[in-house]
Amino acid sequence: MPAERTTDSITVPPLFTPTPLVERDALGIWHVRGYAEAKQLMLADAAQAGFQAEDVQKARIDPVLYQQGEPHRVQRGQIARFFSPTTTHQKHMPVMEQFADSIIGEFAKAGRGDLNQMAMRMAVAVASAIVGLNATPGMVKRLNAMLHTPTRTGHPLQDRWAELWGRGQMLTFLLFDVRPAIRARRREPQDDVISYMVSKGKGEMAILAECVVYGAAGMVTTQEFISVVFWHCMLHPELRELMLTADQETRYEFLNEALRLEPVIARLSRRALSDITVTSDGQTVTIPAGDRIDFHLYEINADARTVADAPRALHPHRDLGAGVPRAVMGFGSGMHKCAGEFVAIAETDVFLRRLLALDGLRIEQEPTLNRNELIEGYELRNFIIAAG
Ligand code: HEM
C-alpha cells in the first residue's frame, strides 16, 4: 500500500471479458442472461417462439400459451379465476389432499414405487380437475406417452415414426379423453377450463390444443419439480425438516427458491415483432424485428445483481429486492407468466409433506437424469423409493 494516495479510485480492468447479458450469436439468435434485461424483454412487443410455436401457428390453433395481444389478455383475464390463490386454497386444496392421500397410501402399502410415476399421477390429477378432464389411469398413460414422444434423431425413418407416434397418441387422447369431456360439459357445464371454452363456442381442435398445453405446461413441469424437490430434501435433512415443521409461508418460500435454482423450463423464447430496445448495464441494445430471443433461466435466476447473496446457493429465507418474484423467472414473466404457479407450489407442498413424513423413507435407486432439449429442462426417470 503506497504511503500517499494520489487518486481516490483505481480502475482495474477485468482479466476476462464478462459474458454480455444480451448478445447475438453467429446464427442471429439473441441470448439473454440477466434478470433486468429479461424482465424488460418479456414486456416488449414479441411473440411466443418456444414450445414449437411456429408449428402450432401453422396449424391455425391458438392455445393461451401462443396467443398474442388483446385475445391473450382477454383469455388470461377470464381463466384467472381457476388459478388464483383463493381458488387454489378453497377449491383445489381438498382435491389435492385427496389425490395425495390415495397415491401415497398405495405407495406406503406397497412399500416401494417409482416417484416419477407417483408425481405424474398427482400432477395429472390436479391439472385435470382444473381443466375438466377425467384423470383415469388410461389417461395418465396416454398423456405420458404423448408428452414424452420419442425425440427427433435426424434419421428420416425414425423421425417419421416419431411423428406418426405423436399424432397417434394425440388422436387417442382426443377420442378417449377430450371428446367425452366436451360432450359432458355441453350437457352440463362445470366450473373448469373446458366448460369456459365450450361457452365461448370453441371447436374440438382448439379445446384439444388447450388440453395439450395444460398437459405440457402444468402436468409434466410439476411432475419433475416434485421429484427434484424430494431429492433435495432427502439429500439435506434440514430441508426435509423444514417441509415437515415450518409454517406454510416458509415452505412456499423454500419451494420457490428451489425452482429458482432448478428451473424445470430452463429456456424460454420469443420473436421480436418490432425493433426492441433494451437497456443493459447503462448500454442500449436494439433487437431488430423478426429476430429470435432465447432466455436462459439458469443464468437469469442466478443473476448476482438481483440475487446478491451467493446466487447459486439455496437459501430458504432469501431476501430479494422489491417486486422480484421468489422463483425469479422460474415461472416466467410478463404476459405469459405461468397461470398455474400457485397450484404448482400448493400441490408440491401437499404431496411432499405427506411423503416426507413416512417412516423408513429411503431412495433405493437414484433417478436417471435426461435432458428435454425443447425446453432445456430436466427429466428424472426411474426414481425408485421405498418406505417402512
Ligand atoms: C413447477 C411447475 C410449473 C412450472 C415450472 C411452470 C412454468 C411455466 C413457465 C416458465 C411458463 C411461461 C412460458 C413462457 O413464458 O413462454 C408457464 C406458462 C403457463 N403455465 Fe406453468 N408451470 C408450472 C405449473 C403449471 C400448472 C400446475 C399449470 C396449470 C394447471 C400451469 C399452467 C400454465 C399455463 C396455462 C401457462 C401459459 C400462460 C400464458 O401463456 O398466458 N403451469 N409455466
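A residue here is buried if 20 or more other C-beta atoms lie within 10 Å of its own, exposed if 12 or fewer, and partly exposed in between, with C-beta atoms placed from the backbone. By that count, buried residues make up 37% of the 388 residues in the protein.

Some ground rules. This is a predicted model, in which local features need pLDDT of at least 70 and side-chain atom pairs count only at pLDDT 80 or more, while totals for chains, interfaces and linings use all residues. Numbering starts from 1 along each chain as its sequence is written.

Now the overall fold. The protein has 13 helices and twelve strands; these are DSSP runs numbered from the N terminus, helices being H or I with at least four residues and strands E with at least two. The radius of gyration, taken over C-alpha atoms, is 23 Å, close to the 21 Å from the globule rule (2.2 Å times the number of residues to the power 0.38), so the protein is as compact as a globular protein of 388 residues. The C-alpha trace spans about 85 × 50 × 45 Å along its principal axes. Take contacts, meaning C-beta atoms within 7 Å, between residues at least 6 apart in sequence: 70% of them join residues at least 24 apart.

Next, the ligand. Which residues come nearest to it? Of the 27 around it, they are Gly218, Thr221, Gly332, Cys338 and Gly340; being near means a C-beta atom within 6 Å. Helix H5 (115–131), helix H9 (204–235) and H13 each give two or more residues to this shell, and H9 gives the most, with seven. By class, the shell has 17 nonpolar, nine polar and one charged residues. Nonpolar covers Ala, Val, Leu, Ile, Met, Phe, Trp, Tyr, Cys and Pro; charged covers Asp, Glu, Lys and Arg; the others, Gly among them, are polar.

Asp281 is not a glycine, yet has a positive phi of about 45°. Asp281 sits in the loop between strands S6 (276–280) and S7 (283–287), and counts as exposed because it has 12 C-beta neighbours inside 10 Å. Ala310, also not a glycine, has a positive phi of about 40°.

Technical notes. Contact = placed C-beta atoms within 7 Å.
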